[in-house]
Amino acid sequence: MSASPQRHAVFGHPINHSLSPAIHRRFGQQTGIELRYDAIDAPPETFAAQLDAFRRDGGGGANVTLPLKTLAFERCAQVSDYAARTGVVNTLEPLPGGGWRGHNTDGPGLIADLAERHGQDLRERDLLLLGAGGAAQGVAFALLDAGVRSLTIANRNAERADALADRIGEPGRVHVRYWNDLRNAGSWDFIINATSAGVQGEAVDLPFAIVATRALCYDLSYGRAATAFLAWSRAAGAAHVFDGLGMLVEQAAEAFAIWHGRRPDTDAAHDELRAKLDGA
Ligand code: ATR
């Protein structure tokens, strides 16, 4: 008789288009670990109660996505060093005596995608980070750890950009630019879109001049949400244009490793999802 499968879930709102269940099931098959992974729609008001109920019903490790990553951080009895720096949590590890240890695997996932899948060396790059919300917070520290020479944060709401720069606390390497001043701010060879504009079906309103000739442009989202920024990047002449599907698969692999002690190979899951997205 085999033990009942380990129960996992991703909490978010909305959640119906999440690819996380498919990715984790694929990892489970690949590693021979029997698991169940559900997508749970959880508005912020009821997230805490839903998370408690999930645990009571035998739930184990969980992922958390928009708009719950800051709330998840606040629910944790312990957090990893990286999550403590970011203030946002996307992976919950059940503690043996109850309660959760929070992790943020988005930053490491982005670095793994850039370095291993796309062969990018981040050292000595000057990076422009668009956005200063939870997504930007989750990756900014990992980009600095990976050795970028400078990180410039631009956000429509300048106070949020200042708050993120203050949180990072590296004034020598981290700068803030007003969104409306980007027109006269020079160009960058590495631009990451961490705004939620595409998710909301909006385009980012930016001048082509910020994109340097050999630039790499990366959108943290994927599928339809990334289309507008990636089209804008190509039109501006970027040499390399990537969406965040690879980051999604890599952050899932990091979470899987935290829960199961083994990091699955990510290429097969990535290639399958890419084929599905391209065919959609
Ligand atoms: P997330 O967790 O996805 O980062 P968030 O914390 O709500 O979500 O942050 C959304 C980010 O996208 C913010 O940086 C927001 O800019 P403001 O702080 O100025 O609102 C940015 N954003 C959303 N829509 C945008 C748009 N149309 N143009 C530019 N930035 C946008």
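Is S221 buried or exposed in this predicted model? S221 is buried, its relative accessible area being 15%; buried stands for under 20% relative accessible area and exposed for over 50%, with partly exposed in between (1.4 Å probe, protein chains only).

A word on reading these views: the model is predicted, local features need pLDDT of at least 70, side-chain atom pairs count only at pLDDT 80 or more, and totals for chains, interfaces and linings use all residues. Residues are numbered from 1 along each chain as its sequence is written, and side-chain values use heavy atoms, with hydrogens and water left out.

**View 1. S221 and its surroundings.** S221 sits in the loop between strand 11 (211–219) and helix 8 (224–235); helices (H or I, at least four residues) and strands (E, at least two) are DSSP runs, numbered from the N terminus. Its side chain makes a polar contact of 2.7 Å with the side chain of D219. A polar contact is a pair of N or O atoms within 3.5 Å; within protein, one must be able to donate a hydrogen and the other to accept it, and residues adjacent in sequence count only if both atoms are side-chain atoms. Setting aside neighbours within four places in sequence, S221 is in contact (heavy atoms within 4.5 Å) with V199, A226, D243 and G244.

**View 2. D106 in helix 5.** D106 belongs to helix 5 (residues 106–117) and is buried, at a relative accessible area of 10%. The side chains of D106 and K69 are joined by a polar contact of 2.8 Å. Not counting residues up to four places away in sequence, D106 touches K69, N90, V139, M247 and Q251.

View 3. The protein chain is divided into domain 1 (6–104) and domain 2 (107–245), with bounds that come from an automatic or database domain assignment. Taken over C-alpha atoms, the centres of domain 1 and domain 2 are 26 Å apart. Here 8 residues of domain 1 are in contact with 12 residues of domain 2. The two domains bury about 850 Å² between them, 50% of it on carbon and sulfur atoms; buried area is the accessible area (1.4 Å probe) that two parts lose on being put together, summed over both. In domain 1, Y82, R85 and T86 lose the most area to domain 2, together 53% of what that side buries.

**View 4. The salt bridge across the interface.** Across the interface of domain 1 and domain 2 the rule finds 1 salt bridge, defined as a side-chain nitrogen of Lys or Arg within 4 Å of a carboxyl oxygen of Asp or Glu. The side chains of R85 and D145 meet in a salt bridge, at 2.9 Å from N to O.

**View 5. Helix 6 and the residue beyond.** Helix 6 (residues 134–145) is mostly covered, with 9 of its 12 residues buried. Among them are V139, F141 and L143. Just after helix 6, G147 takes a positive phi of about 105°.

View 6. A cis peptide bond joins H13 and P14, with omega about 5°; P14 lies in the loop between strand 1 (6–12) and helix 1 (20–31). The peptide bond from L66 to P67 is cis too, with omega near -5°, and P67 is found in the loop between strand 3 (59–64) and helix 3 (69–75). E124, in the loop between helix 5 and strand 7 (126–130), has a positive phi of about 65° although it is not a glycine.
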